[in-house]
Amino acid sequence: MPTPTDLLQGTLDLLILQTLALEPLHGWGIAQRIQQVSKDVLQIGQGSLYPALYRLEYKGWIRAEWGSSENNRRAKFYRLTAAGRKRLEAERETWDRLSAAVALVLGKHAEASS
Amino acid sequence: MITRFMTWLRYLLIPKKRDELDDELGFHIEQSTQSKVAQGLSPAEARRQALIELGGVEAARERCDQQRPGWWFGTVVQDFRFALRAFRRNPAFSITVLLTLMLGIGSTSSVFSVVDRILFRPLPYQDSDRLVSVGLVAPIEPQEFMLGGSYYEWQDHQKPFIALTSEAGVEPCDLNEVNPVRLDCASVENNFLPTLGVTPVVGRNFLPGEDRPNAPRVALISFALWRSRFQMDRSVVGKIVKIDGKSTQVIGVLPASFEMPRLQAADVLVPEALDVAAQRRSDPGRPLWAFARLKQGATPEQAKAELAPLFDYSLQLAPAPFRKEVHYTVRPLRDRQFHDVHQAAWILFGLVMAVLLIACANVASLLTARRAGREREMAVRAALGAGSMRLLQQAVVESLALTAGGALAGVLFATILLRVFILIAPEGMPFLSAAKVDWRVLAFTLLASALCAIGFGMVSGMTHAPMDALTSRRGRGIRHARLRQILVAAQIAASLVLLAGGMLLTRSFRNLESQKLGMNYQNVLTASLSLGETAYPDQAQQMAFFERLERNLRWGPGINAVAISDSVPPGGYHRDQIYASLRVDGQPRLASGTGGNVAWRWVTPDYFRALNIPLIQGSGFTDEDLASENRFVVLSSSLADRMFSGQNPLGRQVHLASNAPAGQDPPFTVAGVAADVKNGGLAAGEEPEYYRLRRNRAEDWDRGGVVIVRSNLPAGALKNWMRTQIASLNPTLPVEIRTLQEQVTKLADQPRFEMLLVGYFACAGLLLSVIGLYGVTSFLAVQRKPEVGIRMALGASRIDIVRLVLGGAGRMVAPGIVVGIALAFALSQALSGLLFNVRPHDPITYFGAAAILAAVALAATLIPAIGAARVDPIVTLRED
């Protein structure tokens, strides 16, 4: 099972941005959402989640504000900004290209070895 | 882009609040715990696992913090503050380091400001590296020159140069206006400025038609003269001024940066206005100094090779005795300009680099010593999570903080030091008075100190502590010891080199000062005059002026002797001719070669009395000789020995111009033999010399004269009195009055300056090395305290302990001294040009330098050694 360190550099950013594209969430929510959607394959360690959130916030791609959670607790919600949306598109494109390329290489490789 | 920058700036200025992150993480842990409780874990266990998953609140907080833009900058600020706090805690250490750096950086910067111009700065001409000085070299004039008889042939037929140009020297001239001033007028060829690539700031250059005999007189003036005399008025161009009484039109102003290629002072440029056809025919022709611009890509060596046929032509023209001794040269203009000081400048540069290295080594060794003492602290910081890069960064920041302070103090110190240099420097040092600490020098300082800082920050930071420093009691700092011992040995070696150099120059200077001049220069005043061309057009009038002046002065109060000559020993200008042109009646001339130079002067009879030069044979010139038809000469003792080889020269006839056409070589009667006098400066040997009597005949006189007065009056009063006496004859006559003492002292200025500089560096180097040695020894002594305690507990006496510490220091000092002597031996050859009557390998100097260094080193180690011996074994053993 991939651990957070196995995530490609920058992939975590993409996952967070994608998750936040649907709705604003707090840190815990982001981690849970990614885990659920990936069917427990991707588990985001909190040790890297919060630094990543801070980094994205400093870059101006997401914005944090305090709100109250489902169970009425004070929590910090992250929301995608316009710059973040643009960034997400760019990252998606890069990812698509990259994964397609990797798939190509793997496919060819598989044919050669079979 | 702008929004990103604004975000960056916002977060840089307003850091996030710490508790915000705490709240967020708290919420996270709570949620995590709840979900684990929902999975069936007990609340306590759920919370424990949630915390484990988070992996440490503090670490997470740290990593979030690191995302902040400018975080790195913050750590530098933090390190800087930390460093300052640490320096305040240990002021002795900080002050030592600061002083060391101040000395090192200050000396380096001030010397760099001096040598910068000489070694590195471009000359104020266009593409100055393609400019060369071209000319003949002969024993009478070791710096290259040209002669009119050859120059124009060279100019017509040379191939390697784009252009060849010349100047005919600088002579005093008078600007006769409301306030007459004496100026320096340089005569140059009309292509002089274009060849150098200099354009007048106002007006134009000379036209070829203006550089002819009897052409209308024109002149270019210097920027300084334009400013001081004409208030930078542009309408000066076209103005008619009187130069030496002749109407001259000003046609332009030179740039402020302009200087003559040979660096003579020049206020006015006038055309050479030579009769080229006559010069071509003449032999040897007017002396000229030639400069040329090389063609693209040509080197001086190639140019020299291409000039070989032209040189052969010149050789044909040279009189036979000269042919073997004449050479020619083509060399870069910079080499010509800094002929004498080039070497001195490099030596200076080397010295100061040695001092800077000593200073750097010192700071490095102090820092490593301190760092070794802080190993435990470092180990604690590493254990708390500081990475090795972070520790290294802190070390570099610490040394940067130190060097920044040191550089600041150093620049201040350099400014002061430079003032002192300029104050004590002789006039001959080109550009010294203009040297200042400018941005280039600052850049150099910053570079030097940054290299220093990063260098020793790395050295001290790299050897950072392993974890076991926390547990181990022994072995602290032992790994650093070797490095530091090598540094100290290197310092000792470098300072021995400096000390030996300083002592060599001091000895040389003392030899120079105690030179016997062969005359008495106390209570002698000289006044140099040059009579203007309009007021004194012929020799009869010139003679009349000088004779009246002599009469007026002779009967003045307290005057013992008055003489008029055309030059005075021991240094400076005098007339010269080759020995081969002298001949004793009835003896053959010298068969081949020039026979070297013979100095000579025109003098009046009292010359020998005025300067107290003893007459060995004969009575010298008498007043009766003055009216005589016959000519008289007094020979110096060495010249008499050479010409007459032991026979009595008195009354014999000699010829002084036997190369001249028949009829122009009258016989002179030898009237006496005078003792030898230094006549080539203090260091050079004395040339054979003779004195011609200036009789009461116009043919013996010319425009120039030096009035020599011996008197018991105080110099100041005498100077004023002489000035009024001269003014009473001609109030507009510029005159330079100096005591002979001043002139002699001035000759020693250059060596004194060199001695003081090298002495200063030797002292600075010695001081720094001693600080380094003391620091390291006392540090090692403290390190070995437990060992000393055990030794003493086992029965070692205090003497044994002192011996132990001294032995340790000896192992650093002894190799340092040995290496230093070897280095000094190898390097002192470079000084040989500056030394007088001291061999560069003078054993006394080396022995003395080593002894001084050893003594100082002993003193520096004795204090910590005695301190170590005071250790109470009980206390140290308990400490661990």
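**Reading buried faces and aromatic contacts**

Reply: In helix α4 of chain B, which spans residues 57-66, the buried residues include Ala60(B), Arg61(B) and Cys64(B); please keep in mind that this is a predicted model.

Me: Where do the buried residues of α4(B) fall, seen down the axis of the helix?

Reply: The general idea is that an α-helix has 3.6 residues a turn, so residues three or four places apart point the same way. Looking down the axis of α4(B), one finds its buried residues within an arc of 100°, and therefore they line one face of the helix.

Me: How many aromatic pairs does a search of the whole structure find?

Reply: Over all chains, the search finds 16 aromatic pairs. One of them joins Phe223(B) and Trp226(B), with 5.5 Å centre to centre and 75° between the planes, and this pair is edge-to-face. These two residues lie three apart in helix α9 of chain B (residues 223-230), which means that about one helical turn separates them. Phe223(B) and Trp226(B) are both buried.

Me: Why is the pair of Tyr607(B) and Phe608(B) edge-to-face?

Reply: Planes over 60 degrees apart count as edge-to-face, and because the planes of Tyr607(B) and Phe608(B) stand at 90°, with ring centres 5.4 Å apart, the pair is edge-to-face. Tyr607(B) and Phe608(B) are also buried.

Me: Which residues form one aromatic cluster?

Reply: The cluster is made up of Tyr536(B), Phe545(B), Phe546(B) and Trp701(B).

Me: Which ring does the charged end of Arg262(B) sit over?

Reply: The charged end of Arg262(B) sits over the ring of Trp289(B), 3.8 Å from its centre, while that of Arg692(B) sits over the ring of Trp602(B), 5.5 Å from its centre.

Conventions
Residues numbered from 1 in each chain as written. Chains lettered and ligands numbered in written order. Predicted model: local features only at pLDDT ≥ 70, side-chain atom pairs only at ≥ 80, totals over all residues. Heavy atoms only, no water. Buried < 20%, exposed > 50% of the residue type's maximum accessible area, 1.4 Å probe, protein only. Helix = DSSP H or I, 4+ residues; strand = E, 2+ residues; numbered from the N terminus. Arc of directions from axis to C-beta. Phe/Tyr/Trp six-rings, centres within 6.5 Å; stacked < 30°, edge-to-face > 60°. Lys NZ or Arg CZ within 6 Å of the ring centre and 35° of its normal.
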